[in-house]
Amino acid sequence: MNQAINLPKVDEFLEELAAIQQTGSKRIALLGSRHIPLTHQNLIEMMSYALVLEGNHLITSGSTGTNSAAIKGGMRADPNLVTVILPQSMKRQPRESRKQLEQVIHLVENPKGDDLSLAEASALCNQEIISRCQQLICFAYHDSVTLLNTCEEAENQRKIVTLFYLD
């Protein structure tokens, strides 16, 4: 009967409640796997479209799959409310992504990441993205180490995190 229960402190509950109840626009990061089915991409595109249409600022990265769908939906709603932060420079992006990325008004390249592995550069990029957002929406598989670490880091920074597992 002497088991310790680790409950969050009252101030943590109040912070989360205030964040959930916030009206008005938010800075929402949307990240996820490159390897997702087309039906999931369509859902992500519709969600990002709706989020931006409501006046939220969408922050994502520039890879194929989840991030590409987020960019497509957000840009359709309001290109001024979409920020894309790349893990590396534009020249290191896949050819199929470059055409879309060239249309993004608020594009941040990270040429310092060119000398890193994509996993290392992505981890640093994701840190930058969550430092700029209030809320993170993530689509990942149970073995998506970089994305799951990003979600944990966002939770540690007291961000609202919504994690959807694809498997």
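I take a residue as buried when its relative accessible area is under 20%, as exposed when that area is over 50%, and as partly exposed in between, with a 1.4 Å probe and protein chains only as the basis. I keep in mind throughout that this is a predicted model, in which local features need pLDDT of at least 70 and side-chain atom pairs count only at pLDDT 80 or more, while totals for chains, interfaces and linings use all residues. I number residues from 1 along each chain as its sequence is written, and my side-chain values use heavy atoms, with hydrogens and water left out.

**Entry 1: the chain as a whole**

I counted six helices and six strands in the chain, taking helices as DSSP runs of H or I of at least four residues and strands as runs of E of at least two, numbered from the N terminus. Read from the N terminus on, the elements follow the order α-β-α-β-α-β-α-β-α-β-α-β. Of the 167 residues in the chain, 39% are buried. I then looked up the contacts (heavy atoms within 4.5 Å): among those between residues at least 6 apart in sequence, 68% join residues at least 24 apart. The chain exposes about 9800 Å², of which carbon and sulfur atoms supply 53%; these areas come from the Shrake-Rupley method with a 1.4 Å probe, and for residues only the protein chains shown count as cover.

**Entry 2: helix α5**

I looked up which residues of α5 are buried, and found Ala121, Ser122, Cys125, Asn126, Ile129 and Ile130. Seen down the axis of α5, these buried residues fall within an arc of 165 degrees, so they line one face of the helix; the arc is that of the directions from the helix axis to the C-beta atoms. I set beside this the general rule that an α-helix has 3.6 residues a turn, so residues three or four places apart point the same way. The buried residues of α5 pack against β1 (27–32), β2 (57–60), β3 (82–85), β5 (135–140) and α6 (145–156). I also checked the length of α5 (residues 118–132): its 15 residues should span 21 Å at 1.5 Å a residue, and its end C-alpha atoms are 21 Å apart, which agrees. The expected span here is 1.5 Å times one less than the number of residues.

Is β5 enclosed or open? I found six of its six residues buried, so β5 is largely enclosed by the rest of the structure. Gln135, Ile137 and Phe139 point one way from β5, whereas Leu136, Cys138 and Ala140 point the other way. For pairing I require that DSSP finds at least two bridges between two strands. By that criterion β1 and β5 pair in the parallel sense over five bridges, and leucine 31 has cysteine 138 of β5 as its bridge partner. β5 also pairs with β6 in the parallel sense, over six bridges, and there cysteine 138 stands opposite leucine 163 in β6. From β5 the chain crosses through α6 to β6, and this β-α-β crossover is right-handed, meaning that, with the strands pointing away from the viewer, the path from the first strand over the helix to the second runs clockwise.

**Entry 3: strand β3 and its neighbours**

In β3, Val82 and Val84 point one way and Thr83 and Ile85 the other way, and all are buried. β2 and β3 pair in the parallel sense over three bridges, with valine 84 in β3 as the bridge partner of threonine 60. β2, helix α3 (residues 66–77) and β3 make a right-handed β-α-β unit. On to β4, the chain crosses from β3 through helix α4 (residues 95–101), and this β-α-β crossover is right-handed. β3 and strand β4 (residues 106–108) pair in the parallel sense over three bridges, and threonine 83 stands opposite histidine 106 in β4.

**Entry 4: helix α3 and two loop residues**

Among the residues buried in α3 I noted Ala69, Ala70, Ile71 and Met75; what covers its buried residues includes β1, α2 (38–53), β2, β3, α4 and β5. Aspartate 78 is found in the loop between α3 and β3 and is partly exposed, with a relative accessible area of 25%. Aspartate 78 and glycine 55 are 23 residues apart in sequence and, C-alpha to C-alpha, 8.6 Å apart in space. Arginine 158, in the loop between α6 and β6 (160–165), has a phi near 65 degrees, a positive value in a residue other than glycine.
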